[in-house]
Every structure is written in C-alpha cells, then in structure tokens.
Amino acid sequence: MQPRNMSMSGVVDLAAVKAAQEAKAKAEQARAESARQGGGGAVSPADLVIDVDEAGFERDVLQRSAEVPVVIDFWAEWCEPCKQLSPLLERLAVEYAGRFMLAKIDVDANQMLMQQFGVQGIPAVFAVVAGQALPLFQGAASEAQIRETLDQLVAVAEQRFGLTGLTVDPDAEPGGAQAAPAPQAGPYDALLEAAVQALDAGDFGGAVQAYKNVLSEDPANMEAKLGLAQAELLQRVQGADPQQVRKDAAEKPADVQAQIAAADLDLVGGHVEDAFGRLIETVQRTVGDDRDTVRMRLLELFEVVGGEDPRVAAARRALARALF
C-alpha cells in the first residue's frame, strides 16, 4: 500500500499542477460508481470517526476522499497533547455533520504511514481530498484555529472538487452506506474533462483553449479559471532552457521579461516564495507599463497556487506595500 498523488508541502510542479485536475475527475468518477453500486445513503454520526491502519488506508482514506475530505489525526497513547487534541477533533467531526471525516492513525502501530507522510512529531494533522494530501497543522492549536483550518478545508474541497460531504442521519445504523449522492453532471464537464486529457497528453495549448471555451460561456467558472492559469504556466515554461533563463535573470536584474520567466520556473519547481519574492522586488524597481506587466503576472501566479494558500496571502500584503 502506497498513498498516491500526494503533494505534502503544497509545492507546485508539473505533476502537481495536473494532479488537482485529474483528482477532480477521479473523484467524480468514484462518486458516480458509488451511486451505480447503490451508494448514497446516510451515515450515522459514529461513522464520521474511524480508526485506520496501513492495511485499510487505501480503502478508508484514499478511496473515501473521493466522497468527502478525510482529516487524519496522527496520535499515540503516550502523547499527552494528543489526549487534548483527539477528543476535540472527534467532537468537531460530529459537529460538522459530514462535511469531513476523521481518520485516527496510531503511529506506534503504523510506522510506515507516519514515514510516508513525513510526520516529525505528534500530534500531527493532515487532510486528504480527492487523493491529494496536504498538511494542516502540527502540535497544539486552539479550537478557534482548528475551526478556521477546517472551514478552509471544507471550502476548498467543495470549490475545487465538488465534495459537499456526507449526509448524516442520527438514526442510521453505524457501518451503513458511506457515500453521498453523486452530483449531476454540470454543463461544462465535457469541456473540463477535455482540458484534463490535454494536460495528461502534454498538449498545454489544447488545455488552454478548452478552459477558454468554458470561460467564454461562463466567465465566473472557478475551476476553469484555475485550470487556465495552470495550463498557461505550463505552456510558458515548456521548452525553456532553465540554465539560460536563470542566467539571464541573474545578469539582467532590470529586465522585466527575464525576471518573469525566472519566476515561472521558480513556481513550476516548487519555489513558491522565491517566485513571489522575485516579482515583488521587480515591482519595486519598475514603473509604468513594466510595473503593471509584472503585477499582472504575479496575480496570475496567485491563481495557480490558490487564494487559500497562506503564501499567497503574505505575498498580496507584500505587493500592496510595494505598490503603495
């Protein structure tokens, strides 16, 4: 058993950029398959908190994450902070009424999972959404901070992957149906799927056009906006010579296009703060049309990473200081 499609540090690389689109498609397929097999019934509150081991991780976390966000609590009996955090997470899982599930993993009995997630200390809390893993927090946290993190997780799961959670029935028998009803196909699903397939094939120009086709009919479609920003980034760096790009940027600090090209490579390579910092510094050194060109590229990169990422929020504040 090996967790798949995990982007543990939230970096952006060629595989991770496409993975979000692929994961959404797989999540929709999994929900549709569950519906065909008779899924879609309500679960009991007891089903919202489960113990998971290495043997059941594939079924209980990865597959389940196509239906509902799965929060993972890494804990141990000897861990005193865990004794305060775990009951709080269990209470919140019930209170959130199916908007996420809680999977409890005893690190003493599941060392392999602990290593695969890169857990350095406990308590440690992660989430898996449509097969994509992300760290939430480690160590002690206040209930208010935990609620804020969970609210962001639920919002991202719904906006990016269409995961609205499970239906909870207090009278349902524990261990009953585990899936929410599959959502109806949207009017642009075929075009969005075509974009994902183009990304898979390395046809970034085709993906760009497919996303633009959606946005021409529905300018507010968030999935298409995100996908377009990602596809355009991949298209820009395709065929670039990284050594030459970085050489140009180092030798020409005042060259706007050289700095923009290097920032694109930074982001694709997972160096998010470096990409943002490079462009913010370039904004500070430029005026007029050049400054606006850099600012617009920075906003595009914000779209690629996602507005909920704390690095984006920090960079927005730094950009505001640079501009005003």
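Which exposed residues does the face of H7 turned away from its buried side carry?

**Ground rules**

I am reading a predicted model, in which local features need pLDDT of at least 70, side-chain atom pairs count only at pLDDT 80 or more, and totals for chains, interfaces and linings use all residues. Residues are numbered from 1 along each chain as its sequence is written, and side-chain values use heavy atoms, with hydrogens and water left out.

**Helix H7**

I took helices (H or I, at least four residues) and strands (E, at least two) as DSSP runs, numbered from the N terminus. Buried means under 20% relative accessible area, exposed over 50%, and partly exposed in between (1.4 Å probe, protein chains only).

The answer to my opening question is Ser216 and Glu217. I then listed the buried residues of H7: Phe204, Ala207, Val208, Ala210, Tyr211, Val214 and Leu215. Down the axis of H7, these fall within an arc of 165 degrees, so they line one face of the helix. The arc is that of the directions from the helix axis to the C-beta atoms.

I also checked the length of H7. It has 14 residues (204-217) and should span 20 Å at 1.5 Å a residue. The expected span is 1.5 Å times one less than the number of residues. The end C-alpha atoms of H7 are 21 Å apart, which agrees.

**The sheet**

Next I traced the strands. I found an open sheet of five, in the order S1-S3-S2-S4-S5, with mixed pairing. Two strands pair if DSSP finds at least two bridges between them. S1 (49-51) and S5 (132-138) are the edge strands, each pairing on one side only. From one strand to the next, the twist averages 25 degrees. For angles, I used axes as lines fitted to C-alpha atoms, for helices over the stretch in contact; angles run from 0 to 180 degrees between N-to-C directions.

S1 and S3 (residues 101-106) run parallel and are joined by three bridges. Val49 stands opposite Leu102 in S3.

S2 and S4 pair in the antiparallel sense over five bridges. There, Ile72 stands opposite Phe126 in S4. S4 and S5 are also antiparallel, over six bridges, and Val125 stands opposite Phe137 in S5. The hairpin of S4 and S5 has two residues between the strands, and in it Ala130 takes a positive phi near 50 degrees.

Is S4 enclosed or open to the outside? Six of its six residues are buried, so S4 is largely enclosed by the rest of the structure. Ala124, Phe126 and Val128 point one way from S4, while Val125, Ala127 and Val129 point the other way. In a regular strand the side chains alternate between the two faces of the sheet.

**Helix H5**

Helix H5 (residues 143-161) packs on the sheet and touches S2 (70-75), S4 (124-129) and S5. Contact means heavy atoms within 4.5 Å. The direction of H5 makes about 15 degrees with that of S4.

I picked out Asp151, which lies in H5. Asp151 is partly exposed, at 40% relative accessibility. Asp151 and Tyr96 are 55 residues apart in sequence, yet 9.5 Å apart in space, C-alpha to C-alpha.

**Disulfide**

How many disulfides does a search of the whole structure find? It finds one. A disulfide is a pair of cysteine sulfur atoms within 2.5 Å. The partners are Cys79 and Cys82, with sulfur atoms 2.4 Å apart. Their link is right-handed, with 80 degrees about the S-S bond. Cys79 is buried at 3% relative accessible area, and Cys82 is buried at 2%.
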